[in-house]
Amino acid sequence: MEDLKSQINIAKLPEHIAVIMDGNGRWAKGRNQPRVFGHKNGVKAVREVTEAAAELGVKYLTLYAFSTENWNRPSFEVKTLMRLLVDTIAREVKTLNKNNIRLNAIGDLSKLPNSTRKALLEGIESTKNNTRMDLVLALNYSGRWDILNATKVIAQKVNNQELSLENITEETYKAALSTAKFPDPDLMIRTSGETRLSNFLLWELSYAEFQFVPTFWPDFTKRHLHECILNYQNKERRFGMISEQLV
Ligand code: IPE
Ligand code: IPE
Ligand code: MG
């Protein structure tokens with residue numbers, strides 16, 4: 001098979017890649033298995049993509065693991081997903097430390113089951129000094145939740161006369177979002193063929209390049225990531241300008 005990795009221009013890597021990991025349920029269904037079988041098999045793809053991104057030198061990788069809307073799934077599936085998160089984080093912390101990767105989370109963590117939150121906070125604490133790449137898990141996350149939350153923080157400051165209306169800028173918002181520490185993603189990948197955002201990083205993705213791939217998440221490999229990055233590198237990011245202005 002053609003080596004795609006060697007074709008990637010390291011000088012033009014996306015600094016931040018965001019992924020909507022989708023298609024676990026359909027992957028399982030195609031194998032006459034329960035949906036949670038797909039989630040269990042999705043863990044391998046998380047490992048692959050994390051490793052592949054770090055190997056290349058990507059600085060930030062955000063993975064959409066559970067949306068605020070996902071609570072509406074059957075309770076058995078929600079429970080299994082929450083337990084899977086605990087087990088996976090606990091099991092992977094060693095590897096994250098070995099690979100010098102820092103774990104972070106965005107979303108309303110207060111609503112997570114105690115065991116999930118505990119495993120997550122322990123993982124964050126134990127990897128906090130790592131510097132090679134930031135891995136960000138979006139958990140009980142939604143873009144609208146984050147924007148609303150930021151709005152309340154800003155409104156409170158105005159109310160306390162710490163901030164005037166004229167001084168509310170994009171930077172004010174960015175600083176109040178749960179993604180404040182991370183640059184906006186350059187590349188957003190969604191697997192499984194769906195072409196929607198499902199409430200993911202609504203503020204942050206305003207100028208990202210989107211790649212929609214038909215592969216179900218459990219089948220996503222390093223090679224798929226390399227392909228997405230190569231496609232990304234063939235795009236011209238104009239940011240409102242015209243081609244001739246970009247030198
Ligand atoms: C993505 O796969 C994982 C989560 C949302 C947690 P899905 O579970 O959405 O799989 P499909 O889309 O039903 O196939
Ligand atoms: C989005 O996938 C959320 C995650 C991948 C965690 P969904 O499968 O929940 O999205 P919709 O509801 O089909 O749009
Ligand atoms: Mg889905």
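Strand S2 (residues 60–67) provides the largest share of the shell around ligand 2, namely three residues. The model discussed here is predicted. The residues around ligand 2 include Tyr64, Ala65 and Phe66. Also among them are Ile20, Met21 and Asp22, as well as Asn70, Arg73, Arg190, Arg196 and Ser198.

Several side chains approach ligand 2 with polar atoms. An N or O atom in the side chain of Asn70 lies 2.9 Å from an oxygen atom of ligand 2. For the side chain of Arg73, the corresponding distance to an oxygen atom of ligand 2 is 3.2 Å. Arg190 likewise places a polar side-chain atom 3.2 Å from an oxygen atom of this ligand. Taken alone, ligand 2 exposes 390 Å², and the protein buries 78% of that area. The space that ligand 2 takes is the largest pocket.

Attention now turns to ligand 1. The space taken by ligand 1 is the largest pocket. Its shell includes Met21, Asp22, Gly23, Asn24, Gly25 and Arg26. Further members are Arg35, His39, Ala65, Asn70, Arg73 and Leu81. Helix H1 (24–29) and helix H2 (35–56) each contribute at least two residues to this shell, and H1 gives the largest share, with three residues.

| Residue | Part of the residue | Distance to an oxygen atom of ligand 1 |
|---|---|---|
| Gly23 | backbone N or O atom | 3.3 Å |
| Gly25 | backbone N or O atom | 2.9 Å |
| Arg35 | side-chain N or O atom | 2.9 Å |

On its own, ligand 1 has 380 Å² of accessible area, of which the protein covers 86%.

Is Asp108 buried or exposed? Its relative accessible area is 16%; because this value is under the 20% limit, Asp108 counts as buried. The side chain of Asp108 makes a polar contact with the side chain of Ser110, at 2.6 Å. A polar contact also joins the side chain of Asp108 to that of Lys111, at 3.0 Å. When residues up to four places away in sequence are not counted, Asp108 touches Leu139, Asn140 and Trp145.

Conventions: Residues are numbered from 1 along each chain as its sequence is written. Chains are lettered from A and ligands numbered from 1 in the order in which they are written. This is a predicted model: local features need pLDDT of at least 70, side-chain atom pairs count only at pLDDT 80 or more; totals for chains, interfaces and linings use all residues. Side-chain values use heavy atoms; hydrogens and water are left out. Buried means under 20% relative accessible area, exposed over 50%, partly exposed in between (1.4 Å probe, protein chains only). A polar contact is a pair of N or O atoms within 3.5 Å; within protein, one must be able to donate a hydrogen and the other to accept it, and residues adjacent in sequence count only if both atoms are side-chain atoms. Contact means heavy atoms within 4.5 Å. A residue is near a molecule or strand if one of its heavy atoms lies within 4 Å of it. Accessible areas come from the Shrake-Rupley method with a 1.4 Å probe; for residues, only the protein chains shown count as cover. On a 1 Å grid over the protein atoms alone, a cavity is a set of points where a 1.4 Å probe fits but cannot get out, and a pocket is an open set with protein on both sides within 12 Å along at least five of seven lines; lining residues have an atom within 4 Å of a point. A molecule sits in a cavity or pocket if more than half of its atoms lie within 2 Å of its grid points. Helices (H or I, at least four residues) and strands (E, at least two) are DSSP runs, numbered from the N terminus.
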